[in-house]
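Visitor: Could you help me read this chain? I am new to this kind of thing.
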Amino acid sequence: MHLRTLLVALALLVSSAAMSQSVPDWASSSQSTSEASEDNFGPGPPPPPPPPPNVPLDGGLGLLALAGAGYAAKKLRAQKND
């Protein structure tokens, strides 16, 4: 019973770590507003720097979760046998 719960929690953790975050289309910067400001009012402020790249957490975190699940299963089996 405990092992099944542990495996379900592990699957949820790995699946949530594998999702990547992306910026929706409505949140991205548009070129039309900056072009309009240059035509009417001259050059505007410089554009903001690009956002930093996403941190890939899915590979190492998944392996760490698998190692923890294996260790927990080993401990549960040892406790059941005692």
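Visitor: In what order do the elements of the chain run from the N terminus on?
Guide: They run α-α-α, and the chain has 3 helices and 0 strands, where helices (H or I, at least four residues) and strands (E, at least two) are DSSP runs numbered from the N terminus. This is a predicted model, in which local features need pLDDT of at least 70, side-chain atom pairs count only at pLDDT 80 or more, and totals for chains, interfaces and linings use all residues. Residues are numbered from 1 along each chain as its sequence is written, and side-chain values use heavy atoms, with hydrogens and water left out.
Visitor: Where is confidence lowest and where is it highest in the chain?
Guide: In terms of pLDDT, the predictor's confidence in each residue from 0 to 100, helix 2 (residues 31-41) is lowest at a mean of 53, while helix 3 (residues 58-81) is highest at 89. The chain averages a pLDDT of 74, and 60% of the residues score at least 70.
Visitor: Which residues is Leu6 in contact with, leaving aside its neighbours within four places in sequence?
Guide: Leu6, which has its place in helix 1 (residues 2-18), is in contact (heavy atoms within 4.5 Å) with Ala69, Ala72 and Ala73.
Visitor: How many residues apart in sequence are Leu6 and Ala69?
Guide: Leu6 and Ala69 are 63 residues apart in sequence, and in space they are 6.9 Å apart, C-alpha to C-alpha.
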